[in-house]
Amino acid sequence: MITDEIKQLIIDTLDLEDITPEDIDENAPLFIDGLGLDSIDALELGMALKKKYNISIGSDNDENKEYFYSVKTLADFIKKQTKQD
């Protein structure tokens, strides 16, 4: 399932050693509250997502905030970009 792939990608990309995919709520915010990621994490995660899914992430900051809100919103964005279920 794509949400599980994204959770594992977050953990691997950001070296989150004490977190398992089960610890990440797919609807919880990734930044500040929730997982507590920051802007550097966002850049690293964006590059990893581009590489893994061959997607284009635009430079519109407001749109990116929407896509990167949670694992679920990232999964929806990737599905839309790659046309996968």
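Reply: What follows covers helix packing and then a pocket.

Me: What kind of model is this, and how is it numbered?

Reply: This is a predicted model, where local features need pLDDT of at least 70, side-chain atom pairs count only at pLDDT 80 or more, and totals for chains, interfaces and linings use all residues. Residues are numbered from 1 along each chain as its sequence is written, and side-chain values use heavy atoms, with hydrogens and water left out.

Me: How are two packed helices described?

Reply: By the angle between their axes and the distance between the axes. Axes are lines fitted to C-alpha atoms, for helices over the stretch in contact, and angles run from 0 to 180 degrees between N-to-C directions. Helices are DSSP runs (H or I, at least four residues), numbered from the N terminus.

Me: ok, at what angle do H1 and H4 pack?

Reply: H1 (residues 2-13) and H4 (residues 71-82) pack at about 115 degrees, with axes 9 Å apart. That makes H1 roughly perpendicular to H4, a term for angles of 65 to 115 degrees; under 35 is roughly parallel, over 145 roughly antiparallel, and the rest oblique.

Me: Which residues make the contact of H1 and H4?

Reply: H1 brings Ile-2, Thr-3, Ile-6, Lys-7 and Ile-10, and H4 brings Val-71, Leu-74, Ala-75, Ile-78 and Lys-79. Contact means heavy atoms within 4.5 Å. By class there are 7 nonpolar, 1 polar and 2 charged residues. Ala, Val, Leu, Ile, Met, Phe, Trp, Tyr, Cys and Pro count as nonpolar, Asp, Glu, Lys and Arg as charged, and the others, Gly among them, as polar.

Me: And H1 with H2, what's the angle there?

Reply: Roughly 130 degrees, with the axes coming within 10 Å. That makes H1 oblique to H2. On the H1 side, the contact includes Leu-9 and Thr-13, and on the H2 side Glu-44 and Ala-48 are among the residues. The classes there are 8 nonpolar, 1 polar and 3 charged.

Me: Which residues of H2 meet H4?

Reply: Leu-45, Leu-49 and Tyr-53 of H2 meet Leu-74, Ile-78 and Thr-82 of H4. That contact has 5 nonpolar residues, 1 polar and no charged ones. The axes of H2 and H4 cross at roughly 35 degrees and come within 12 Å.

Me: New topic. How many residues line the largest pocket?

Reply: 16 residues line the largest pocket, and Phe-31, Ala-42, Asn-61, Asn-64 and Phe-68 lie nearest its centre. A pocket is an open set of points on a 1 Å grid over the protein atoms alone, where a 1.4 Å probe fits, with protein on both sides within 12 Å along at least five of seven lines; lining residues have an atom within 4 Å of a point.

Me: Which helix gives the most to the lining?

Reply: H2, with 6 residues. The lining divides into 9 nonpolar, 5 polar and 2 charged residues.

Conventions
Helices (H or I, at least four residues) and strands (E, at least two) are DSSP runs, numbered from the N terminus.
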